[in-house]
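Visitor: I would like to learn how to read helix contacts and ring pairs in a model. Please take me through the one shown here.

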Amino acid sequence: MKNRDFYALFVAAESEPEEDLYIAEWSASSIFSLDPDAPDPDIDAVVRDLREIWRAAHMSVRDIRKAAGLTQADLAAHFGMPARTVQNWESSSSTSSRSCAPYIRLMMAEALDIVHIDRG
C-alpha cells in the first residue's frame with residue numbers, strides 16, 4: 001500500500017465514528033487491488049488492516065499509553081519528550097491546540113507495537 005493510499009484510509013478512519021461503516025465502505029476500494037495483473041486481495045487481510053487503521057485513528061494518547069502498560073513519565077522518556085507534554089495531551093480535548101496530532105498518535109501506537117498495519 002502506498003503512503004498516499006494509507007493516508008487516505010487513515011484520514012477517512014478519523015472522520016468515521018462507526019468502525020463497521022468504515023470497513024464496509026473501504027473494503028471494496030481499489031486501493032487494495034491497484035495492479036490488474038495481481039490476484040484478488042485476501043478480504044480477511046483487507047478487513048484486518050482496515051480494522052487496525054480505524055483503531056489507530058481512534059486511540060487517544062492515554063489509550064496508547066495504557067495499552068503499552070506505561071506511565072506518563074515512561075511514555076515521555078521512551079519518545080524523548082517532556083512528561084508535561086504527555087500530561088497536556090492527555091488532559092486536552094481533541095480540538096484543543098494542546099492535543100496530540102493524529103500522525104504522532106499513529107507513530108506512537110506503531111512504535112509501541114499496539115497496532116499492526118501492513119503497508120506492504
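Guide: This is a predicted model. Start with the residues that touch: from H5, Gln72, Ala73, Leu75 and Ala76 meet Ala83, Val86, Gln87 and Glu90 of H6. By class, this contact has five nonpolar, two polar and one charged residues.

Visitor: At what angle do the axes of H5 and H6 cross?

Guide: The axes of H5 (residues 72-79) and H6 (residues 83-91) cross at roughly 120° and come within 8 Å. H5 is therefore oblique to H6. The crossing of the two helices is right-handed.

Visitor: How is a pair of aromatic rings described?

Guide: A pair of aromatic rings is described by the distance of the centres and the angle of the planes. There is one aromatic pair in this structure. The ring centres of Phe6 and Phe10 are 6.1 Å apart and the planes are at 20°, so the pair is stacked.

Visitor: Where do Phe6 and Phe10 lie, and are they buried or exposed?

Guide: Both lie in helix H1 (residues 3-15), four residues apart, about one turn of the helix. Phe6 and Phe10 are both buried.

Visitor: Which residues of H7 does H1 meet?

Guide: Phe6, Phe10 and Glu14 of H1 meet Pro102, Arg105 and Leu106 of H7. This contact divides into four nonpolar, no polar and two charged residues.

Visitor: How do the axes of H1 and H7 cross?

Guide: The axes of H1 and H7 (residues 102-111) come within 12 Å and cross at roughly 105°. That makes H1 roughly perpendicular to H7.

Key:
Residues numbered from 1 in each chain as written. Predicted model: local features only at pLDDT ≥ 70, side-chain atom pairs only at ≥ 80, totals over all residues. Heavy atoms only, no water. Axes fitted to C-alpha atoms, helices over the stretch in contact; angles between N-to-C directions. Parallel < 35°, antiparallel > 145°, perpendicular 65-115°, else oblique. Left-handed = near helix turned anticlockwise from the far one by under 90°. Contact = heavy atoms within 4.5 Å. Nonpolar A, V, L, I, M, F, W, Y, C, P; charged D, E, K, R; others polar. Phe/Tyr/Trp six-rings, centres within 6.5 Å; stacked < 30°, edge-to-face > 60°. Buried < 20%, exposed > 50% of the residue type's maximum accessible area, 1.4 Å probe, protein only.
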